[in-house]
Amino acid sequence: MFAIILSYKKPLDTVDAFVAEHKRFLEAHYASGHFLLSGRKQPRTGGIILAQAGSKHEVEAIVRLDPFWREEIADYDIIEFVPSMAASHLSSLLTD
């Protein structure tokens with residue numbers, strides 16, 4: 001499992017110009033099963049994506065498809081972790 005933390009490095013008017021395309025990117029990776037949860041930081045300085053993939057290399061390849069990456073709008077911090085506890089309705093996300 002991976003936490004992808006985006007930090008904007010361009011003004012919000014630039015971010016807003018690419019939000020629709022970024023949402024299509026997110027939707028495609030929800031459909032593929034890679035993305036589990038996402039949202040913007042509060043205050044609005046970036047966002048967070050909870051993802052699952054076979055490797056960090058795979059997540060890095062996915063991130064490179066994001067228009068925010070292509071347009072150098074955000075920095076990305078990809079953190080791999082092994083979930084060991086979850087709310088009962090999320091227990092299927094736990095690894096053995």
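**Rings, charges and a buried lysine**

Biologist: Starting with Phe25: buried or exposed?

Modeller: Phe25 counts as buried, at 8% relative accessibility. Buried means under 20% relative accessible area, exposed means over 50%, and partly exposed is in between, using a 1.4 Å probe and protein chains only.

Biologist: What sort of model is this, before we go on?

Modeller: It's a predicted model, where local features need pLDDT of at least 70 and side-chain atom pairs count only at pLDDT 80 or more, while totals for chains, interfaces and linings use all residues. Residues are numbered from 1 along each chain as its sequence is written, and side-chain values use heavy atoms, with hydrogens and water left out.

Biologist: Where do Phe25 and Phe35 sit?

Modeller: Phe25 is in helix α1 and Phe35 in strand β2, 10 residues apart, so the pair links distant parts of the chain. Helices (H or I, at least four residues) and strands (E, at least two) are DSSP runs, numbered from the N terminus. Phe35 is buried too, at 4% relative accessibility.

Biologist: Which residues do ring pairs link into a cluster?

Modeller: That cluster holds Phe25, Tyr30 and Phe35.

Biologist: And how are Trp69 and Tyr76 arranged, what angle between the planes?

Modeller: Trp69 and Tyr76 make a tilted aromatic pair, 5.4 Å centre to centre with 55° between the planes. Trp69 is partly exposed at 39% relative accessibility, while Tyr76 is buried at 17%.

Biologist: Switching to charges. What's the salt bridge count?

Modeller: The count comes to 4 salt bridges, each being a side-chain nitrogen of Lys or Arg within 4 Å of a carboxyl oxygen of Asp or Glu. One of them joins Asp75 and Lys9, with the closest N and O atoms 3.1 Å apart.

Biologist: Which parts does the Asp75 and Lys9 pair tie together?

Modeller: Asp75 lies in strand β4 (residues 74–80) and Lys9 in the loop between β1 (2–8) and α1 (12–31), so the pair ties together parts that are 66 residues apart in sequence. Asp75 is partly exposed at 41%, and Lys9 is partly exposed at 45%.

Biologist: What does Arg70 pair with?

Modeller: Arg70 and Glu21 meet in a salt bridge at 2.8 Å, N to O. Arg70 sits in helix α3 (residues 67–70) and Glu21 in helix α1, 49 residues apart. There's also a salt bridge between Glu71 and Arg70, at 2.8 Å. Shared partners join Glu21, Arg70 and Glu71 into one network.

Biologist: Now Lys41: where is it found?

Modeller: Lys41 is in the loop between β2 (35–40) and β3 (46–51).

Technical notes. Phe/Tyr/Trp six-rings, centres within 6.5 Å; stacked < 30°, edge-to-face > 60°.
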